[in-house]
Amino acid sequence: MDSTRLWVVLGRVKVPGVSSSFLPLVGSHIPKGEEVTLAGLDIGYASGDMTREKAQMANGLMLAEHDAMSVPDMGLRAGLFVKGQLLVAGKAVELPVWQPMQPAAPHIKAAEGIHSSKSDHPLVAADETISGVEVMNAVADLPASSAAVWCPLGRSVGPVRLERVGLGYGKGYVLLLLDAELNAGGLRLGTRGLGLEFPVKSGGPVVPHLDGLSIGYAKSPIRLEGAFVRQEIPGYSLAVGGMAAIETPAFNVTALGAYAQPAVGGDPSLFVFGRLALASKSVGPPMFRITQVAAGFGYHSDVRTPTVKEVSDFPFVELLGSESTKPPLEMLGKLVLGESGRQPWVRPSKNGVWLAAGLHAVCFEMVDIAAVGIVRFGDDFSVGLYGEASAQFPKAVMKPFARVVVDLEAEYRSKDDVLEIAASMGPRSFLVDEECKLTGDARLILWFGKSAHPGDFVCTVGGYHPRFPRQAHPHYPDARRIGFSWPVSDRISVTGEAYAALTPGAFMAGGRFHAHGEWGPFSGDFEAHADAMLEWDPFFFDVDFGAMARGTANLWMWHPSIEVKVSGWLWGPPVGGKAQLDWGPIHVPVSFGHPYPKEKQQESLPPADFRTRMLPADGSKVVQILPMAGLLPGQQPSDNTDAVWAIAAQGFTLAARTLVPATAVKANGKDITWDSPRSSLSIRPSKITDLTSSLDITVKDHSGQSVPINTEAADSWSVGKAISDRVPAALWGSDSPENIYSHDAAPLVAGFATGLLLSAPASKASARSHLPASAWNERPLTKSFPVPALGADSTPQPDPQSRTRIAKIADAVPRDSRTAVITEIRKNPVFANLPDSTLTELAKHTDDFDDAPLFLATAS
């Protein structure tokens with residue numbers, strides 16, 4: 001027998017006459033004699049785990065002194081427990097024993113108090129006395145637990161439906177819970193966590209408790225649904241969530257929201273998400289009909305975005321789904337309370353702000369799409385698209401021959417500086433027969449400059465080559481093979497799978513097929529597979545393949561079998577290969593085509609071919625100048641090198657980026673450094689090493705003079721360290737391994753410069769200049785110009801041709817007249833530099849004027 005000593009303290013909450021009639025909302029509607037009455041409620045604490053044997057032993061000790069109280073006969077874990085008994089319509093119902101899912105044992109010291117006279121028993125230490133009051137006080141300080149244990153009832157008493165009864169625990173009180181529903185005259189009232197709170201410490205009142213409430217009304221042609229749930233959030237004095245839905249023959253509206261008020265100061269947290277469904281109409285052409293739209297926002301709130309495996313369970317996507325049938329209370333509870341031990345989808349956050357928009361559409365009357373886009377601001381900026389697409393063929397039949405369901409997640413996270421796109425075949429996908437299940441995942445991940453793996457990327461559909469060294473790339477995601485599994489009958493089964501992946505190193509693809517059949521005492525198997533590894537320039541493929549056919553007979557004590565296997569290796573160009581035929585003890589090797597090129601010197605790609613195949617044909621794309629900050633609306637960056645940008649007076653920054661890695665960078669002749677620079681460059685496909693490349697940038701002012709760089713001068717431009725992104729080793733790596741998958745070679749090369757940021761100096765106000773008084777003396781023009789005569793009572797009149805007139809302002813005649821006037825004005829030294837603009841931009845944008853027609857003065 002286990003001699004470990006432990007102790008148990010039991011206490012009873014006195015609740016005389018407490019019944020369901022005390023409950024708000026539904027209590028008065030339960031007929032007399034059908035009430036649910038609390039017969040007993042015991043709270044206990046065990047210092048250690050109790051087996052069934054120890055529990056029965058403890059009950060024998062306690063029942064000798066206290067006839068009414070006992071511990072559960074089945075045993076229990078160490079810590080707090082609650083047990084109770086109900087009378088339902090006069091019949092006894094034992095409630096399940098409640099214990100916290102993760103008990104937090106209070107620290108209880110031995111003190112003077114009550115102790116058992118059976119001190120020589122192994123359940124009670126002889127030198128240990130425990131204060132029952134101290135234990136109950138410590139139990140009252142345990143944290144609240146959202147978990148409850150439930151006992152199903154499934155009884156209808158009058159207009160009230162009693163679904164289940166349960167026990168729970170809040171901080172300092174025990175919960176007796178009842179889920180019930182009241183139906184009266186088309187109105188349906190449902191409760192979640194309706195019950196009573198019994199204080200653990202003596203002297204406290206028994207108070208009602210309600211976690212959630214739902215209201216429904218249905219009377220043709222209108223149906224209304226509403227719900228709210230209460231949340232317990234640390235740091236918030238009030239937290240409630242609500243949902244409402246209205247259905248009519250023309251449209252359906254659903255809205256969800258939550259509000260939380262901080263306990264100590266601060267702005268409240270709230271969110272709203274709504275959906276409008278067009279029941280009888282849609283928007284858009286038949287090829288893309290929008291049937292539902294949704295939008296929402298959160299303030300001081302955060303939304304937990306789903307992984308691709310969670311998309312179909314994401315409430316925002318689920319709400320837009322064509323098959324969404326969950327009741328409002330369940331949907332709301334899942335959104336703000338969480339379920340199955342997972343965190344809630346939306347919760348308060350002091351610095352969080354988010355926006356959401358979504359839609360449900362039907363493409364070509366075949367594909368249903370439900371998608372939600374979410375932008376999150378705050379401590380971490382992220383933007384994502386989450387959705388589900390499904391198609392069934394034929395669509396409107398009870399037994400289709402194919403269904404494809406694909407979940408999609410696309411998300412950029414600024415904190416990680418990673419773009420991730422993932423798609424996953426849903427479990428409801430099948431082909432030909434519902435037993436022919438379709439599976440598979442696709443993933444695309446791009447790691448940018450601030451990520452843990454800058455410059456790296458991976459695109460995989462169905463996983464990787466079996467020999468791909470995943471241990472060298474632990475950050476690459478897993479992906480299930482794209483495939484099917486079809487038990488055609490209890491005698492025949494067929495499976496197939498395929499994959500393809502692209503990394504900075506190379507490309508890989510492959511597939512496998514297997515069929516098995518049984519016919520009486522005979523069985524047969526057929527299997528074929530192929531796995532390819534490819535380099536793309538110079539193009540080279542390396543494929544291993546195999547096929548097997550086997551037949552077996554089970555003839556009493558004789559089990560003959562025959563097996564034929566073919567395995568081989570194929571490469572090219574130039575194409576060649578090796579194969580082997582195995583038939584029992586017979587092995588036939590075969591070689592064909594050219595020898596494996598990597599067994600001798602591989603031909604290199606000529607530099608001219610590398611230039612045309614691997615780099616943009618347009619040289620201006622190899623080195624580009626891009627505005628990064630301070631660009632004003634107007635002339636945008638384009639292929640036109642003569643285009644003029646309109647930039648801000650403060651904070652203009654541009655970037656010079658190059659597709660060819662550089663080993664040296666200069667800005668107006670000044671050397672620019674970066675971290676861990678490489679001194680030489682290689683071109684791997686051309687087998688050229690020990691090259692140098694220089695990125696030279698020249699910045700000139702309006703007079704054609706080079707501007708100073710990183711000096712104290714007022715017109716000095718600022719340049720920091722050069723940008724150094726990692727580049728693909730397949731292009732710029734110096735190694736030439738026989739098999740790029742056979743070792744742990746890094747797919748990216750670091751140490752090269754790939755660009756430079758240059759910041760313009762801030763504009764400063766010019767020095768004040770003083771004009772002499774004589775400059776303002778009236779000077780007659782030496783040339784006369786016609787001036788239209790205006791009457792004394794001339795008033796502005798609308799001119800319908802105003803836009804047309806202004807559009808001609810850059811034509812030759814008005815331009816020449818304007819130049820003549822400006823030439824005369826320039827004769828005054830004060831206006832010697834007066835510009836003479838062609839006004840082509842003004843003429844070009846006359847359609848952008850807000851007021852039409854413009855008012856022009858005309859003669860009376």
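This tour moves through the structure one selection at a time and states what is found at each stop.

The model is predicted, so local features are reported only at pLDDT of at least 70 and side-chain atom pairs only at pLDDT 80 or more, while totals for chains, interfaces and linings use all residues. Residues are numbered from 1 along each chain as its sequence is written, and side-chain values use heavy atoms, with hydrogens and water left out.

**Stop 1: salt bridges**

A salt bridge here is a side-chain nitrogen of Lys or Arg within 4 Å of a carboxyl oxygen of Asp or Glu. The whole structure contains 31 salt bridges. Residues are called buried under 20% relative accessible area, exposed over 50%, and partly exposed in between (1.4 Å probe, protein chains only). Helices (H or I, at least four residues) and strands (E, at least two) are DSSP runs, numbered from the N terminus.

Select Asp441 and Lys309, which form a salt bridge with their closest N and O atoms 3.4 Å apart. Asp441 belongs to strand β24 (residues 441-447) and Lys309 to the loop between β16 (288-303) and α3 (315-320), so this pair ties together parts that are 132 residues apart in sequence. Asp441 is buried, at 6% relative accessibility, whereas Lys309 is exposed, at 51%.

Next, select Glu497 and Arg481, whose side chains meet in a salt bridge of 3.8 Å, N to O. Glu497 is in strand β27 (residues 492-502) and Arg481 is in the loop between β25 (457-461) and β26 (482-486), so the pair ties together parts that are 16 residues apart in sequence. Glu497 is partly exposed, with 34% relative accessibility, and Arg481 is partly exposed, with 23%.

Then display Arg304, Glu310, Asp313, Glu318, Lys334 and Arg342 together: salt bridges that share partners join them into one network.

**Stop 2: the nonpolar patch**

Select Leu187, Ile215, Tyr217, Ile222, Leu224, Ile246, Phe251, Val253, Leu276 and Val293, which form a nonpolar patch on the surface with about 750 Å² of accessible area together. Patches consist of residues with over 30% relative accessible area and no salt bridge; like charges are joined within 9 Å, and nonpolar side chains (Val, Leu, Ile, Met, Phe, Trp, Tyr) within 5 Å. Accessible areas come from the Shrake-Rupley method with a 1.4 Å probe; for residues, only the protein chains shown count as cover. Strands β11 (212-219), β12 (222-230) and β14 (251-262) each supply at least two residues of the patch. Tyr217 is located in strand β11 and is partly exposed, at 30% relative accessibility.

**Stop 3**

Centre the view on Phe393 and Pro394, where the peptide bond from Phe393 to Pro394 is cis, with omega near -20°. Pro394 is in the loop between β19 (382-393) and β20 (402-413).

Move to His300 in strand β16. Its phi is near 55°, a positive value in a residue other than glycine. His300 is buried, with a relative accessible area of 16%.

**Stop 4: an open sheet and a hairpin**

Select strands β34, β35, β44 and β41, which form an open sheet of 4 strands in the order β34-β35-β44-β41, with antiparallel pairing. Two strands pair if DSSP finds at least two bridges between them. The edge strands are β34 (623-629) and β41 (718-719), each of which pairs on one side only. Within the sheet, 6 bridges join β35 (residues 653-662) to β44 (residues 753-759). Arg657 has Gly755 as its bridge partner in β44.

Now show β38 (residues 681-683) and β39 (residues 688-691), antiparallel strands joined by 2 bridges. Leu681 has Leu691 as its bridge partner in β39. This hairpin has 4 residues between the strands, and Lys687 takes a positive phi near 55°. Asp690, in strand β39, also has a positive phi, of about 55°, although it is not a glycine. Asp690 is exposed, at 62% relative accessibility.

**Stop 5: helix α8**

Finish at helix α8 (residues 812-825), whose 14 residues reach 20 Å from first C-alpha to last, close to the 20 Å expected at 1.5 Å a residue. The expected span is 1.5 Å times one less than the number of residues. The buried residues of α8 are Arg818, Ile822 and Glu824. They cover an arc of only 160° around the axis, which puts them on the same side of α8; the arc is that of the directions from the helix axis to the C-beta atoms.
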